[in-house]
Amino acid sequence: MMLPDVIIRSGQLKGTLMRKSIIAVTIMFALAACAKIPNAELSQYRAAFDKADTVKDEVLINFDAAISEATSFVEDSSEPVENRSPFSSSLNASTNGPDALKVRQAAWRVIERYNATLADLAEGKSDEEVKSAVGGFGDSIGKFVQAATGTAIPGFGAIIEIAQTIAGRVEEARRTKEFKRAVREGGPLVQKILDALYEDANDQFTIKQGLARDTFNNQSAALTTSISDMYLLLGSHQAPVAAAPPVVVASPAVDLDGEAFLSTINERLNMATLPLAKQLVEYPFTLAWAVGNGEPFTLATKNTVDLRLVEVEQRAAAMVAVVQEVGGIGEMLRAYQTLLTKTKDALVKLDQALDAPINIENEVDEIIATVFKIKQGIEKYRMAREKTNTGAPPVAASPSAGS
Amino acid sequence: MPQDPKKKAVKTVYDEGMNEVMKIVGSIKSSPDQKKVALQTSRDLTAMLLAHTLANIEGRTALLSGLIVELNQVTDSIKVKPPYAGALTKFGTIIGKATTLFNKEKGNLLN
């Protein structure tokens with residue numbers, strides 16, 4: 001066998017080995033990167049969290065107010081009646097240890113930061129950074145060799161391109177593994193934080209409802225006292241009679257159709273207290289005039305009855321407003337809890353997606369694309385070497401950046 | 001989530017007591033003295049419920065503080081960038097400097 005044949009055949013053998021080695025390495029890295037970052041599930045989780053995040057400020061403001069009111073109430077209740085002041089004893093109304101509001105705000109921020117880090121991992125900017133770093137490093141080596149030897153390494157640019165492609169896939173595999181670790185370690189902590197915030201909402205509602213109920217009881221006591229006064233007033237007076245002219249009603253009795261007046265009073269009373277029917281034991285009310293002897297129904301008495309009725313209407317409206325306010329807070333907190341639950345569910349789906357079966361078609365397409373790029377690089381290298389062996393000018397060592 | 005047994009017990013006492021209170025304050029037949037006692041009971045029951053709830057919140061504040069530290073640690077440990085990228089860039093810079101020095105020395109030798 002002639003020497004040139006040996007040289008050519010050994011070159012071909014080396015080329016074949018090199019080609020097969022690179023393809024094998026590429027497939028290995030491609031397979032390692034097969035567990036993809038579940039971007040769709042990550043987006044859904046972040047969207048769910050962002051929705052809860054938009055309402056959290058209103059909830060937390062209400063939460064802080066609830067704690068302050070509850071703390072003041074408890075402190076006030078423990079004081080003897082004679083020492084109770086309408087004014088706070090100090091500027092710091094809340095004595096709930098480490099600031100409960102600040103900790104909750106920090107909890108939201110820490111999840112935001114965690115989510116942003118997951119997004120950075122998923123974005124894949126580091127793949128390009130690694131390719132760029134490999135390209136820059138290779139470029140430096142090539143220039144040094146050229147400076148030292150006077151000639152460029154033939155086909156070095158193609159080798160750098162291959163290295164960049166492999167480095168990109170290696171980085172993708174590393175990112176994916178890191179993402180999985182981040183979700184597996186951080187996910188349960190996020191779940192626990194969301195659970196705590198969910199329970200906070202329950203306690204927040206308990207406080208608001210408890211305070212409202214005490215207020216409601218006080219108003220109810222005053223309301224029934226007013227109604228009781230009306231019963232006493234009307235029940236101790238004779239029904240007035242409207243005199244037909246020329247008859248004049250004897251003073252001090254008021255000229256009034258007693259039955260019509262009573263009917264109107266009863267109607268207004270029961271209309272005003274209808275929303276509170278379940279809480280008022282004797283509802284519906286039936287006011288009545290005195291049976292037998294009774295005081296004449298004077299204008300002054302009528303004015304007092306009218307005043308009591310207005311008191312009842314105002315107190316009833318205030319009690320209804322208290323119930324509606326608690327209802328409104330309840331709706332807000334239920335909606336907030338629903339958003340927290342959706343966020344938790346989305347995080348579970350993200351975790352499950354980490355082990356989802358691989359979409360073989362997509363993976364095969366990516367592997368083929370990667371192998372094709374490497375083959376292109378090998379071809380460029382081969383052509384560069386051939387030009388060198390035939391005496392043609394060598395190919396410059398600088399690889400194309402970021403390919 | 002299953003309710004804490006103590007919380008449930010407190011709520012039961014509270015609800016039962018408040019139901020009795022409401023029967024008194026919601027009746028036109030209750031005397032002023034009866035209403036006074038009922039309103040004091042309402043206040044005491046409310047204070048008991050709120051104190052228990054505030055204690056729960058305090059406990060949860062401590063729990064959240066710990067979880068915040070742990071999640072921050074996990075986030076800090078996440079390597080968004082590969083550990084070797086910086087090293088590659090550094091080596092490239094060193095080699096670049098070496099090339100410049102080599103060319104300078106070569107120029108000096110030739111001149």
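The contact takes 74 residues from chain A and 61 residues from chain B, where contact means heavy atoms within 4.5 Å. This is a predicted model: local features need pLDDT of at least 70, side-chain atom pairs count only at pLDDT 80 or more, and totals for chains, interfaces and linings use all residues. Residues are numbered from 1 along each chain as its sequence is written.

About 6000 Å² is buried between chain A and chain B, with 66% of that given by carbon and sulfur atoms. Buried area is the accessible area (1.4 Å probe) that two parts lose on being put together, summed over both.

The rule finds 7 salt bridges across the interface of chain A and chain B. A salt bridge is a side-chain nitrogen of Lys or Arg within 4 Å of a carboxyl oxygen of Asp or Glu. One of them joins the side chains of D203(A) and R60(B), at 2.7 Å, N to O. On the chain A side, α2 (39-78), α3 (100-123), α4 (125-149) and α5 (156-235) each supply at least two residues that touch chain B. Helices are DSSP runs (H or I, at least four residues), numbered from the N terminus. The largest share, 34 residues, comes from α5(A).

Chain A averages a pLDDT of 83, and 80% of the residues score at least 70. pLDDT is the predictor's confidence in each residue, from 0 to 100.

| Residues of chain A | pLDDT | Contacts beyond four places in sequence |
|---|---|---|
| 92-96 | under 50 | 13 contacts |
| 394-403 | under 50 | 21 contacts |

Where pLDDT is low, the predicted coordinates should not be read in detail.

Technical notes. Chains are lettered from A and ligands numbered from 1 in the order in which they are written. Side-chain values use heavy atoms; hydrogens and water are left out.
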